[in-house]
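The following exercises are to be worked through with the sequence and the structure at hand. Each task is followed by its solution.

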Amino acid sequence: MIQPDEIIRSRRKTLAITIDSFGRLIVRAPYACAQERIFSFLQEKEPWILRKKAEREGAGIRLPAENLHGYTLILLGKPCKIFVTDTARVVYEAETGDIFLPDKNPKERLVHWLKENAKRILTKVTKEQAEKMNASYQSVSVNSAKTHWGICSAENAIRYSFRLIYAPKEVIEYVAVHELAHTKHKNHSKRFWAEVERYIPDWKERRKWLKVYGGLMEVL
């Protein structure tokens with residue numbers, strides 16, 4: 001029998017299931033829904049659940065761990081394996097996707113390396129997209145936010161979560177265009193979305209990646 005990892009009850013009227021980025025099965029159920037009904041529903045959906053769990057677990061995404069040796073990290077949409085060695089600095093082998101970390105404070109060194117590279121990549125992508133959009137912005141910075149991928153301030157300063165570096169390039173471009181569109185429209189009006197769609201016609205598909213892999217906000 002399939003066991004859910006979490007059951008969330010609310011005032012909703014129907015049962016729903018999702019598989020999060022780590023392959024966890026989440027059930028959303030009405031307050032009055034009996035356990036028997038929940039497990040019967042899971043049995044009905046078993047083929048879909050098994051297929052989706054395999055997809056998520058096969059993506060190479062794992063929960064953060066203190067021992068990073070052998071840990072698989074998603075970088076620019078691709079899985080990268082981490083090796084903790086006696087190297088003096090962080091070394092990234094682009095061809096194999098391997099990341100070699102110093103054995104002293106490996107997690108701190110990795111986060112620092114990720115932030116440096118996120119700032120470099122996001123600054124470049126934002127500049128490229130701004131030129132296409134004829135958009136002006138004040139600055140680009142990265143932080144450790146876990147509640148948003150990007151944000152544009154009233155002064156047009158753009159801040160990204162460094163975790164956006166986990167996303168594929170096309171998704172990063174969508175987020176950059178999204179925030180740059182806010183330099184022209186400080187809301188999510190029809191004019192705002194028209195501006196986004198003008199430069200990223202398939203923005204809905206790219207945004208879907210952020211929803212599917214939202215659990216990556218919790219990594220490191």
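Two residues are in contact when heavy atoms of theirs lie within 4.5 Å. The model used here is predicted.

**Exercise 1.** Determine which residues His178 is in contact with, leaving aside its neighbours within four places in sequence, and whether His178 is buried or exposed.

*Solution.* Begin by locating the residue: His178 belongs to helix H4. Next, list its contacts; once neighbours within four places in sequence are set aside, these are His188, Phe192, Trp193 and Val196. Finally, consider accessibility. Buried means under 20% relative accessible area. His178 has a relative accessibility of 12%, and therefore counts as buried.

**Exercise 2.** Describe how helix H4 and helix H5 pack.

*Solution.* First, identify the helices: H4 spans residues 169-181 and H5 spans residues 190-199. Their axes are 9 Å apart, at an angle of about 140 degrees. H4 is therefore oblique to H5. The crossing of H4 past H5 is right-handed. On the side of H4, the contact is made by Tyr174, Val177, His178 and Ala181, while H5 contributes Phe192, Trp193, Glu195, Val196 and Tyr199. Sorted by class, this contact comprises seven nonpolar residues, one polar and one charged.

How values were computed. Residues numbered from 1 in each chain as written. Predicted model: local features only at pLDDT ≥ 70, side-chain atom pairs only at ≥ 80, totals over all residues. Heavy atoms only, no water. Axes fitted to C-alpha atoms, helices over the stretch in contact; angles between N-to-C directions. Helix = DSSP H or I, 4+ residues; strand = E, 2+ residues; numbered from the N terminus. Parallel < 35°, antiparallel > 145°, perpendicular 65-115°, else oblique. Left-handed = near helix turned anticlockwise from the far one by under 90°. Nonpolar A, V, L, I, M, F, W, Y, C, P; charged D, E, K, R; others polar. Buried < 20%, exposed > 50% of the residue type's maximum accessible area, 1.4 Å probe, protein only.
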